[in-house]
Amino acid sequence: MIFEFLTQRRRRKVRARPFPSAWKSIITRNVPIFGRLPRTDQTELLGCVQIFLAEKHFEGCGGLELTDEIRVTIAAQACLLLLHRETDYYPELTSILVYPSAYIAHEDRYLGDNIWEQGEDGRLGHTGRRMGSLVLAWDEAKRGAADPADGRNLVLHEFAHQLDFEDSQTDGAPALSTRNEYMAWARVMSREFEALRRADEAGTPTLLDTYGATNPAEFFAVATEAFFERPLVLRAKQPEMYAQLAAFYRQDPASYSAEAAR
């Protein structure tokens, strides 16, 4: 209780600081969806960014020199997922590792029958429940922010995984408040996940990236991308899924979407 009290007091002090004008210029320039948010949401987002940057460690990798542009652009997108909710600012996350572009990860792949294969995997981003860190390719993180209506956003995708981890599981369901909420979530999202899997197998065009058919965790991350970037189409085509995401995020991105201007 004392630790929580001290944390909240520290965060209030951070929020009370004047927001640096240079940081706001970066957000206005690099994260155009910010200008479409209601004024109260803009103010809340800036406060979230201050706390996020005060609490998370950034590290440049692959020769990348970190700048305020990198840190602020990533933080603004990550904090979009936190608006209107009681949150602990991604408590499982300590550090963000940023590469200049796609990077190679060395990993062991399980092939079955006790057989493992060592290999290389080209990636744009990655995070894991026990990692304590999140990895991003800067060029893709910046590109995803620049076009807020193409349905693809690496930062939203990877930070959605962090929300998935908050109930100590990686199952495609974030931390919800009640048993009824979990039941409603499971009913809708399981159905939509299976529909995406069938469409992927059949080669049918889909609104959601078919990478979401990999497993429920990837489905939640891909659905989050569509919810914030293609909300008008998602609400029209898959209204029950839109409603579940709107209830969790406590937002209605269709009200400020850039789709109409695209």
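Reply: Two strands pair if DSSP finds at least two bridges between them; strands (E, at least two residues) and helices (H or I, at least four) are DSSP runs, numbered from the N terminus. This is a predicted model, in which local features need pLDDT of at least 70, side-chain atom pairs count only at pLDDT 80 or more, and totals for chains, interfaces and linings use all residues. Residues are numbered from 1 along each chain as its sequence is written, and side-chain values use heavy atoms, with hydrogens and water left out.

Me: Which residue in β6 is the bridge partner of L97?

Reply: The partner of L97 is V135. Five bridges join β2 (residues 95-99) to β6 (residues 133-137), and these two strands run parallel.

Me: And how many bridges join β1 to β2?

Reply: Four bridges join them, and β1 (residues 57-60) runs parallel to β2. Within this pairing, G60 has V98 as its bridge partner.

Me: Changing topic: where is R71?

Reply: R71 lies in helix α4, which spans residues 68-80. Its side chain makes a polar contact (N or O atoms within 3.5 Å, one able to donate a hydrogen and the other to accept it; residues adjacent in sequence count only if both atoms are side-chain atoms) with the side chain of D68, at 3.3 Å.
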